[in-house]
Amino acid sequence: MSGAGAHGEAAGAAPCPAPRCRGPAGGRGARPGPGGAARVTEAACCRGEGARALSLRGVQALLKNIHCLRVCFFVLFQLDFKRVFLIIFRLEIRGFLFRYSPDKGPFCPAQPHRTALYEDPPAACWPIVYSPDYNITFVGLEKLHPFDAGKWGKVINFLKEEKLIADDLIVQAREATDEDLLVVHTRRYLNKLKWSFVVATITEIPPVAFLPNFVVQRKVLRPLRTQTGGTIMAGKLAVDRGWAINVGGGFHHCSSDKGGGFCAYADITLAIKFLFERVQGVSKATIIDLDAHQGNGHERDFMDDHRVYIMDVYNRYIYPGDGFAKRAIKRKVELEWGTEDTEYLQKVHTHVEGALNELKPDIIVYNAGTDILDGDPLGGLAVSPQGIVKRDEVVFKAARRRRIPILMVTSGGYQKRTARIIADSILNLHSLGLIDKELAASGAGNPKVEQMIRDSAQDFSNLSLQ
Ligand SMILES: [Zn+2]
């Protein structure tokens, strides 16, 4: 090699002559030779190899180091040798025990914990995750929040009425344990949830503050933990089957150490981190957040994580208005009050295509909030029920055409008619062949998917609503 040479050293520096040496020539010990070029010897460049060629200068340096060591030992003896020795001994013992801990295995301190959330469900099941435990019911408590706290069960009932699914064909969600939650959350945050007034603030239901915490845990937090478990389970299912829907979840205001806006657990962050840690081949994720509110929770969690691309479309004037979190958004679409179908769908289409063309992820997490619906008291947008159905279609088509696994969570949506719209959207995705029980991740060989891929070239022209 010429020029920079095999070591990547500065131009003009001679390469180190030692075999196997990877150290930069011209580093410590290099002395400028005649003409300014660095002249490097083995002794100067390579510690091990150079031992054979110790020069007088090297011997002098060694004697100097020995003198330093003698001074250090002298100081240690003067201070309290016994105490210093004991500290070092204890540190060594602790390090040894940590490395050989039976839970972690030898020299594997970062091995993931055991979880029930990644157990394979029966192959006959649809990748639709739900549990009756999702629904919050407690002596009318749920009526104190504008949220329809039983919407998840209603979605399932509509799908059953339409004969799309049956109870034994749904994947039963499991509650996320403390160990599962600690993959993202801090212990400090989980401890804070043991105070009822903290949960009352997060869920925006003031009377919760006056309930004993064991009631709050069972009646409010357990449903949210089960939905969180559902999102984590759906993440793996999406990778295995090409798509998955958690009928709940989408708590996009919660980050690792802060909840808010009815979001107590960071299910989106958890699902992505579980995939990164446990599923080979998943190292890039795209979050498409189309809830009416900004998803500041996952944005804070993935602030400096270049593996995660975040696209967020939201009403610019409403909660949370988190300026710091906005720095994590790669594709930000801020909407005005009362944005309607045509403008909304055009923006969603353009930016979903743009985001997926910019980076092809291994998984898409689609936060499909329905609080964009016209008349929603919190969302402030004016999209029709048909507009929401079309929006989900646009996102699924973009994912399926690129053969990227997609996980959908239902997130916000605060009106009584929301459940019917979510069910209609799932039925529409099925009728178009975008979701099916047999749909493999690649879609290869599935005539419905191949047809859909051919048809999707006309996506944009199909955006006008009937
Ligand atoms: Zn929302």
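Trainee: Between which two elements does the loop with Ala173 lie?

Mentor: Ala173 sits in the loop that joins β4 (171-172) to α5 (178-181). Helices (H or I, at least four residues) and strands (E, at least two) are DSSP runs, numbered from the N terminus. Residue numbers start from 1 along each chain as its sequence is written. The model is predicted, so local features need pLDDT of at least 70 and side-chain atom pairs pLDDT 80 or more, while totals for chains, interfaces and linings use all residues.

Ala173 is buried, because 28 other C-beta atoms lie within 10 Å (20 or more count as buried, 12 or fewer as exposed, in between as partly exposed, with C-beta atoms placed from the backbone). Beyond its neighbours within four places in sequence, Ala173 is in contact (C-beta atoms within 7 Å) with Val129, Tyr130 and Ser131, and also with Thr226, Gln227, Gly229, Gly230 and Met233. Take Gly230: it is 57 residues from Ala173 in sequence, yet their C-alpha atoms are 4.7 Å apart.

For practice, turn to helix α14 (residues 418-431). Its buried residues include Ile421, Ile422, Ile426 and Leu429, and the buried residues pack against α4 (151-161), β5 (243-246) and α13 (385-401). With α4, the packing angle is about 45° and the axes are 8 Å apart. On the α4 side of that contact you will find Lys151, Lys154, Val155, Phe158 and Leu159, and among the α14 partners are Thr418, Ala419 and Arg420. After α14 comes Gly433, with a positive phi near 80°.

Conventions: The expected span of a helix is 1.5 Å times one less than its number of residues. Two residues are in contact if their C-beta atoms, placed from the backbone, lie within 7 Å. Axes are lines fitted to C-alpha atoms, for helices over the stretch in contact, and angles run from 0 to 180 degrees between N-to-C directions.
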